[in-house]
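The points below may be read beside the sequence and the model.

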Amino acid sequence: MFPTECLKHFVQQTSLYSVQNNVNTPLNCTEKEIEQFIGCAFHMSVYGVPSTRMCWQARYRIDKIADVMTM
């Protein structure tokens with residue numbers, strides 16, 4: 001869905017933002033992690049749970065999200 005150049009740009013900007021936010025704890029994310037985040041965001045919009053935290057709760061757990069991203 002997103003070209004490699006676009007994902008690289010997302011990684012670059014995410015890393016830049018994390019360093020600007022806190023120099024001591026830089027976020028070293030990868031293209032794969034950005035893809036997983038985007039996929040989780042799409043799934044959350046389809047399921048339409050009232051709170052994103054519900055995706056990880058035992059009662060409402062959505063495996064396609066909870067198995068890819070820890071809370």
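1. In which helix does Q36 lie? Q36 lies in helix 2, where helices (H or I, at least four residues) and strands (E, at least two) are DSSP runs, numbered from the N terminus. Its relative accessible area is 29%, so Q36 is partly exposed; buried means under 20% relative accessible area, exposed over 50%, and partly exposed in between (1.4 Å probe, protein chains only). Between Q36 and T4 there are 14 Å in space, C-alpha to C-alpha, and the two are 32 residues apart in sequence.

2. Basis of the values. This is a predicted model, in which local features need pLDDT of at least 70 and side-chain atom pairs count only at pLDDT 80 or more, while totals for chains, interfaces and linings use all residues. Residues are numbered from 1 along each chain as its sequence is written, and side-chain values use heavy atoms, with hydrogens and water left out.

3. Overall architecture. The chain contains three helices and zero strands, in the order α-α-α along the sequence. Its radius of gyration is 14 Å, well over the 11 Å that the globule rule gives for 71 residues, so the chain is more spread out than a compact globule. The radius is taken over C-alpha atoms, and the rule is 2.2 Å times the number of residues to the power 0.38. Along the principal axes, the C-alpha atoms fill a box of roughly 35 × 30 × 20 Å.

4. Of the 71 residues, 18% count as buried. The chain exposes about 5600 Å², of which carbon and sulfur atoms supply 56%; accessible areas come from the Shrake-Rupley method with a 1.4 Å probe, and for residues only the protein chains shown count as cover. A contact means heavy atoms within 4.5 Å. Among contacts between residues at least 6 apart in sequence, 27% join residues at least 24 apart.

5. S18 is found in helix 1 (residues 4-21). With a relative accessible area of 10%, S18 is buried. Leaving aside residues up to four places away in sequence, S18 touches T25, P26 and L27. P3 lies in the segment before helix 1 and is partly exposed, at 45% relative accessible area. P3 and R59 are 56 residues apart in sequence and 36 Å apart in space, C-alpha to C-alpha.

6. E31 in helix 2. Helix 2 (residues 31-47) includes E31, which counts as partly exposed at 28% relative accessibility. Not counting residues up to four places away in sequence, E31 touches T4, L7, K8 and V11.

7. The aromatic pair. The structure holds one aromatic pair. The rings of F2 and F10 have centres 5.7 Å apart and planes at 70°, so the pair is edge-to-face. Rings of Phe, Tyr and Trp (its six-membered ring) pair if their centres lie within 6.5 Å; planes under 30 degrees apart count as stacked, over 60 as edge-to-face and the rest as tilted. F2 is partly exposed at 34% relative accessibility, and F10 is partly exposed at 28%.

8. Charges. The mean positions of the 6 positive and 6 negative charges are 10 Å apart. Lys and Arg count as positive and Asp and Glu as negative, while His and the chain ends are not counted. The place of a charge is taken as NZ of Lys, CZ of Arg, CG of Asp or CD of Glu.
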